[in-house]
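Colleague: Walk me through this one, please, and tell me how you know each thing you say.

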Amino acid sequence: MKAEKLEVVGREFHERRHLTHKRMERWIRLQQFVYGLPEEYAYAVRISTRNGRTESSALVTVGWMSWFGRGLGSDRQHSLGLALLNASEALSANGTRLFLHNVARWLLSCLNVFRPRREASRRSELPAEIDHTDLLAG
Amino acid sequence: MEILGSIQGENVAIEGREKMQRQMRDFISRLQKGDRWNSGNVLYKVHFWRPFFGAKVDSLIEFRADGQEAWFARANGPDPWKAFCRAMGSLKQIVTEMEMREEGAGVNESGET
């Protein structure tokens, strides 16, 4: 009963959250495709409405890269769009360096043809020895 | 204050529900101590599922506080606990980023707070 009550209170505010998840997912898939990032991803979004203004923060982590953006707008999607835009600007600032890094890696892989294939595939994965409980600290 | 929450799995066996619940309550109390959430009712939901393609488990964490605040995080990982840790780690990182920015905004040009 109480859960239903809370659901009704928050319905109007959260009605488009599926759209937000879909948007984030598409954005992440695009970055993975364009920059050849690994499959691991994580993102967090905060949307807050106070005094008629909506503020949002978005943190996106794909593989070894992480972006943070903030947005302030008249509604949720607008503020989230701004937060993502800020995050993608940070990405494009790093784009040239990342592109050169990828070219250098490709050249090295062409030169080093005798390297075992297993080791080459391992380089694109996150290290397995990451202790995930460390992420909960702080 | 009232906290209502659920942890659900879709074709995924979930172990360590108590640990997850403790982490969620710690996160809520941290935000309430920092006066970010003044609301009396907080609802959270943790959902795990396994996508059709790929061997990883996806996790989704959602918080709602009185319709004014929405926090959600999503991550994937090799098992539910690791996916949960990564999503929760992202949420905590957002809090840290916000605290750092607030501290930075509170410092004047001479470096005094």
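**One sheet, two chains**

Modeller: Seven strands form an open sheet with mixed pairing, in the order β3(A)-β2(A)-β1(A)-β4(B)-β3(B)-β2(B)-β1(B). Its edge strands are β3 (65-73) of chain A and β1 of chain B, each pairing on one side only. Ignoring direction, neighbouring strands in this sheet are turned by 10° against each other on average.

Modeller: This is a predicted model, where local features need pLDDT of at least 70 and side-chain atom pairs count only at pLDDT 80 or more, while totals for chains, interfaces and linings use all residues. Residues are numbered from 1 along each chain as its sequence is written, and chains are lettered from A and ligands numbered from 1 in the order in which they are written.

Colleague: How do you know which strands of chain B pair?

Modeller: Two strands pair if DSSP finds at least two bridges between them. Strands β2 (residues 41-49) and β3 (residues 57-65) of chain B are joined by eight bridges and run antiparallel, so they count as paired. Within that pair, Val42(B) stands opposite Ala65(B), and Leu43(B) opposite Arg64(B). On to the next strand: nine bridges join β3(B) to β4 (residues 69-77) of chain B, also antiparallel, with Ser59(B) opposite Ala75(B). The hairpin of β3(B) and β4(B) has three residues between the strands, and Asp66(B) takes a positive phi near 55° there.

Colleague: Why is β3(B) called largely enclosed by the rest of the structure?

Modeller: A residue is buried if 20 or more other C-beta atoms, placed from the backbone, lie within 10 Å of its own, exposed if 12 or fewer, and partly exposed in between. Eight of the nine residues of β3(B) are buried, so the strand is largely enclosed.

Colleague: What makes Asn11(B) exposed?

Modeller: Asn11(B) has 8 other C-beta atoms within 10 Å, so it is exposed. Asn11(B) sits in the loop between β1 (2-10) and α1 (17-33) of chain B. Asn11(B) also has a positive phi of about 60° although it is not a glycine.

Colleague: And how do you know where Gly52(A) stands, buried or exposed?

Modeller: Gly52(A) has 6 C-beta neighbours inside 10 Å, so it counts as exposed. Gly52(A) lies in the loop between β1 and β2 (53-62) of chain A.

Colleague: What lies across β1 and β2 of chain B?

Modeller: That's α1(B), running at about 140° to β1(B). Axes are lines fitted to C-alpha atoms, for helices over the stretch in contact, and angles run from 0 to 180 degrees between N-to-C directions. Contact means that the C-beta atoms of two residues, placed from the backbone, lie within 7 Å.

Colleague: What makes a set of residues a nonpolar core?

Modeller: The set has to consist of buried Ala, Val, Leu, Ile, Met, Phe, Trp, Tyr and Cys residues joined through C-beta atoms within 7 Å. The largest one has 40 residues, and those with the most contacts inside it are Tyr43(A), Ala58(A), Ala73(B), Ala87(B), Met88(B) and Leu91(B). At least two residues of this core come from each of β1, β2 and α3 (76-111) of chain A and α1, β2, β3, β4 and α2 (80-106) of chain B. The largest share, seven residues, comes from α2(B). In soluble globular proteins, nonpolar side chains tend to be buried together.

Colleague: How confident is the predictor, then?

Modeller: The score is pLDDT, the predictor's confidence in each residue, from 0 to 100. Chain B averages 84, with 92% of the residues scoring at least 70. Chain A has a mean of 70, and 54% of its residues reach 70 or more. Where pLDDT is low, the predicted coordinates should not be read in detail. The model as such scores ipTM 0.83 and pTM 0.71.

Key. Helix = DSSP H or I, 4+ residues; strand = E, 2+ residues; numbered from the N terminus.
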